[in-house]
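Here's a quick briefing to read alongside the model. Have the viewer open and follow along.

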Amino acid sequence: GFLTSYSHQVATALENARLFAETEERLKNVQALHTIDNVITASFDLKLTLGVVLEQTMSQLKVDAASILLLTPGLQTLEFAAGRGFRAKIIERTRLRLGEGRVGIAALEHQTLVVSDLSPTITDSYLAQLKTEEGFVIYACVPFIAKGKVKGVLEVFNRSPLHLNDEWVKFLETLAGQTAIAIENYTLFTDLHRSNAELNMAYDTTLEGWSR
């Protein structure tokens, strides 16, 4: 009777509140992606774009720190490019060979890596050092893939446990996908700029030769 009806109303109200919270969270995610899109289309300043990506990543995924390692093609190393939320400078000295450690393997194999417990016994030297120096217990990274090639990784860290569900991981992967586009655009822009400079130099050299 009354109790059944009341409990049904409470259950409906709770479900509506859950759906509202989920919708609000998704809307914030879409707004974050839109913010990143705007920066990508308005600027060829990679440092500015990476800064916005890190801010949105930390805000939306509610993590304590985030960093971006970019691949140096000739050396095949992942090197620190930008970071937020770190207490120590250790992250800024990061240089990992592609295929080295869990992060290097994840990048090489184009795989998402999620470590929900950076225990004191972790054998990976890079993650163990960050655990010791920064007190992180949660770690995740997603490679930036453009035209089938790895360009770097987006890393996130937290100092307390987090509930990492599929939606959280998918949004991290979406953020990495957006950033990969920005990196590829920047690479194309700088390559084009370099080609134009080389063409102008060759043209000037030719004119000098003719004038002599």
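Let's start at a helix end: Asp45 caps the N-terminal end of H2, with a side-chain oxygen 3.1 Å from the backbone nitrogen of Lys47. That's a polar contact, meaning a pair of N or O atoms within 3.5 Å; within protein, one must be able to donate a hydrogen and the other to accept it, and residues adjacent in sequence count only if both atoms are side-chain atoms. Helices (H or I, at least four residues) and strands (E, at least two) are DSSP runs, numbered from the N terminus.

Bear in mind that this is a predicted model, where local features need pLDDT of at least 70, side-chain atom pairs count only at pLDDT 80 or more, and totals for chains, interfaces and linings use all residues. Residues are numbered from 1 along each chain as its sequence is written, and side-chain values use heavy atoms, with hydrogens and water left out.

**The chain overall**

- The protein chain has five helices and six strands, and along the sequence they follow the pattern α-α-β-β-β-α-β-α-β-β-α.
- Of the 212 residues in the protein chain, 38% are buried; buried means under 20% relative accessible area, exposed over 50%, and partly exposed in between (1.4 Å probe, protein chains only).
- The protein chain exposes about 12600 Å², and carbon and sulfur atoms supply 57% of that; the areas come from the Shrake-Rupley method with a 1.4 Å probe, and for residues only the protein chains shown count as cover.
- Take the contacts (heavy atoms within 4.5 Å) between residues at least 6 apart in sequence: 55% of them join residues at least 24 apart.

**Helix H2 and what comes after**

- H2 is mostly covered, with twelve of its 16 residues buried; among them are Leu46, Val52, Val53, Met58 and Leu61.
- How far should the 16 residues of H2 span at 1.5 Å a residue? The answer is 22 Å, which agrees with its end C-alpha atoms being 22 Å apart; the expected span is 1.5 Å times one less than the number of residues.
- Leu48 sits in H2 (residues 46–61), but Leu48 is partly exposed because its relative accessible area is 45%.
- Leu48 and Ala82 are 34 residues apart in sequence, yet their C-alpha atoms are 9.8 Å apart in space.

**Cores and aromatics**

- A nonpolar core is a set of buried Ala, Val, Leu, Ile, Met, Phe, Trp, Tyr and Cys residues joined through side-chain atoms within 4.5 Å. The largest one here has 25 residues, and Val103, Tyr126, Leu127, Tyr139 and Phe157 have the most contacts inside it.
- The elements giving two or more residues to this core are strand S1 (65–72), helix H3 (101–108), strand S4 (113–115), helix H4 (125–134), strand S5 (138–146) and strand S6 (149–158).
- Apart from that core lies another, of 24 residues, among them Met58, Ala82, Leu172 and Ala176.
- Leaving aside neighbours within four places in sequence, Leu127 is in contact with Arg102, Val103, Val115, Leu118, Ile122 and Tyr139.
- Phe86, Phe136, Tyr139 and Phe157 form one aromatic cluster; rings of Phe, Tyr and Trp (its six-membered ring) pair if their centres lie within 6.5 Å, with planes under 30 degrees apart counted as stacked, over 60 as edge-to-face and the rest as tilted.
- By this rule the count comes to four aromatic pairs.

- A polar atom of the Asn158 side chain lies 2.8 Å from the backbone oxygen of Ser160.
- Not counting residues up to four places away in sequence, Asn158 touches Lys62, Val63, Asp64, Phe136, Val137 and Ile138.
- Arg84 belongs to strand S2 (residues 77–84) and counts as partly exposed, at 32% relative accessibility.
- With residues up to four places away left out, Arg84 touches Gly51, Leu54, Glu55, Met58, Asp64, Ala65 and Ala66.
- Lys147, in the loop between S5 and S6, has a positive phi near 55° in a residue other than glycine, and Lys147 is exposed, with a relative accessible area of 67%.
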